[in-house]
Amino acid sequence: MIRRIAIIGLGTMGPGMAARLARGGLQVVAYDVAPAAIERARSMLSVAETVLDALAIAPPPAGVGTVRFTDDLGDAVSGADLIIENVPENISVKGDVYRAIDGLIASDTIVASDTSGIPITKLQEHISHPERMVGMHWSNPPHIIPMIEVIAGETTAPQTVATIRDLIRSIGLLPVVVKKDVPGFVENRVLYALLREAVDLVERGVIDPEDLDTCVSWGIGYKIAVIGPMALLDMAGLDIYKSVSSFLNADLSNRDDVAPMVLEKTNASKFGIKSGEGMFSYTPEQTKALQGERARKLVAVRRILEGRE
Ligand SMILES: NC(=O)C1=CN([C@@H]2O[C@H](COP(=O)(O)OP(=O)(O)OC[C@H]3O[C@@H](n4cnc5c(N)ncnc54)[C@H](O)[C@@H]3O)[C@@H](O)[C@H]2O)C=CC1
Ligand SMILES: Cc1ncc(C=O)c(C(=O)O)c1O
C-alpha cells in the first residue's frame, strides 16, 4: 500500500505531480538539489491547486494529502513507500540519484522514473533492487493530463507494475501499461514522429510555424482527442490509408539526427518558454497569461471529454 511518496526533482514536472498526488490523499515529500527550484515549486503548488479545484477533483479528508518540501535527500526518502525520480533526462544524472538513495531506502521501496523515454532496463543497472524499479511516465502538465504510462524493465517484478497501476487508478487517473520497454515508450514515440515531421516542414519552408500549429491543432489535435488513431483509421477507411500511405510514407521525414533548426536554437540557448525564446518569443507577462489561458482551456476540454459539461 502506497501512502508516502518522495518526489526527487522539482523542475517542470515535479510541482504539478506533487499537487496531484496530494489531492489524491497521499503524503508527499518534495526534494530538489537546487534551493531556487524548491522556492519556485512552492509557488507553483498553489497555482496547480487552483487548477485542480477547477477540474472539480475533490480534496482529500483533512489531515491527509499533504506536500512538505525539504532540502535534505535523506529526509525526503526516509519512510517512503514510493520514490518518483524526476531529474533531467540523462542516464548519468539519474544513476547518481539511484546510487545516492540506494542505502537510504528499504528494500521494498518502489523507485519509479518519470523518464521521457530512457529504457527502464538501462536505469535498472544503477540500483540494487531492480525488481522494484518501474517507469511512471507522466505527461506535461502533470496535474491536468490524466494518462500515465507504466513501463516494466527486464527485471521489474509484475507486482511492482501492478502496485503503480493500482495507485494511479485509485486517485482517479488513467494508467496505460506499456508491454515492451522500447525507447520513448508509446506516447513519445508517437509525439516525436509528429514533431520530426512538423520541424522538417517548417525547416523546409513548406509552412510558417504559426500556420503549422493552426493546421495540427485544429485539423488533427482537436479530432484526435475524441477519436484515437486506431479509431481514426476506421473512420477514414483502411483502403484510403492504404492508398495514401503507399506514396506518402516514402516522402515523410526519416532523419535520424536532431534537425539543424533545433541545434541552431539550442546552441544559442533558445529553449522556449523557460528562456524567453524558442520557436516563438515570450515576455514574462505573455508567459504568465499563456499558462493561465492554456490551463483554462485544457480544464474546459477535459471536463467536456469526461462528459461533465
Ligand atoms: N518537461 C516535460 O514536458 C516532461 C519531462 N519528463 C521527464 O521528467 C524528468 C524531469 O523533467 P523536467 O521536470 O522537465 O526537468 P527540469 O530540468 O525542468 O527539472 C529537473 C529538476 O531536477 C533537479 N535536479 C537535478 N539534479 C538533481 C539531483 N541530483 N537531485 C535532485 N534534484 C535534481 C534540478 O534542479 C531541476 O529542478 C525528465 O526525465 C524528463 O524527460 C516527463 C514528462 C514530460
Ligand atoms: C516535447 C515533449 N517531450 C517529452 C514530453 C514528455 O515526456 C512532452 C510532454 O508534453 O509530456 C513533450 O511535450
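Here are some questions and answers about this predicted model, taken one region at a time.

Q: What kind of model is this, and which pLDDT do local features need?
A: Residues are numbered from 1 along each chain as its sequence is written, while chains are lettered from A and ligands numbered from 1 in the order in which they are written. This is a predicted model in which totals for chains, interfaces and linings use all residues and side-chain atom pairs count only at pLDDT 80 or more, while local features need a pLDDT of at least 70.

Q: At what angle do helix 1 and helix 2 pack, and is helix 1 oblique or perpendicular to helix 2?
A: Helices here are DSSP runs (H or I, at least four residues) and strands are runs of E (at least two), numbered from the N terminus. Axes are lines fitted to C-alpha atoms, for helices over the stretch in contact, and angles run from 0 to 180 degrees between N-to-C directions. Helix 1 (residues 14-23) and helix 2 (residues 35-54) have axes 8 Å apart and pack at an angle of about 50 degrees. That makes helix 1 oblique to helix 2 (under 35 degrees counts as roughly parallel, over 145 as roughly antiparallel, 65 to 115 as roughly perpendicular and the rest as oblique).

Q: How many nonpolar residues are in the contact of helix 1 with helix 2?
A: Ala, Val, Leu, Ile, Met, Phe, Trp, Tyr, Cys and Pro count as nonpolar, Asp, Glu, Lys and Arg as charged, and the others, Gly among them, as polar. On that basis the contact of helix 1 with helix 2 has 3 charged, 2 polar and 8 nonpolar residues.

Q: Which residues of helix 8 make the contact with helix 7, and how does the contact divide by class?
A: Helix 7 (residues 187-203) and helix 8 (residues 209-224) pack at about 145 degrees, with their axes 10 Å apart, and their crossing is right-handed. Ala 198, Leu 201 and Val 202 of helix 7 meet Pro 209, Leu 212 and Val 216 of helix 8. By class, this contact has no polar, no charged and 6 nonpolar residues.

Q: Which helix gives the largest share of the shell around ligand 1?
A: Ligand 1 is surrounded by 23 residues, the closest being Gly 9, Gly 11, Thr 12, Ser 116 and Asn 140 (near means a C-beta atom, placed from the backbone, within 6 Å). The shell around ligand 1 divides into 11 nonpolar, 8 polar and 4 charged residues. Its largest share, 3 residues, comes from helix 4 (residues 91-102).

Q: Which residues lie around ligand 2, and what is their class?
A: Around ligand 2 are Ser 116, Ser 139, Asn 140 and Asn 188. That shell has no nonpolar and no charged residues, and 4 polar.

Q: Is Ala 56 buried or exposed?
A: Ala 56 sits in the loop between helix 2 and strand 3 (67-70), and its phi is near 60 degrees, a positive value in a residue other than glycine. A residue is buried if 20 or more other C-beta atoms, placed from the backbone, lie within 10 Å of its own, exposed if 12 or fewer, and partly exposed in between. Ala 56 has 10 C-beta neighbours inside 10 Å, so it counts as exposed.

Q: What separates the C-alpha atoms of Lys 274 and Thr 12?
A: Lys 274 lies in the loop between helix 11 (260-267) and helix 12 (284-305), and counts as exposed with 12 C-beta neighbours inside 10 Å. Lys 274 and Thr 12 are 262 residues apart along the chain, and their C-alpha atoms are separated by 9.3 Å.

Conventions
Left-handed = near helix turned anticlockwise from the far one by under 90°. Contact = placed C-beta atoms within 7 Å.
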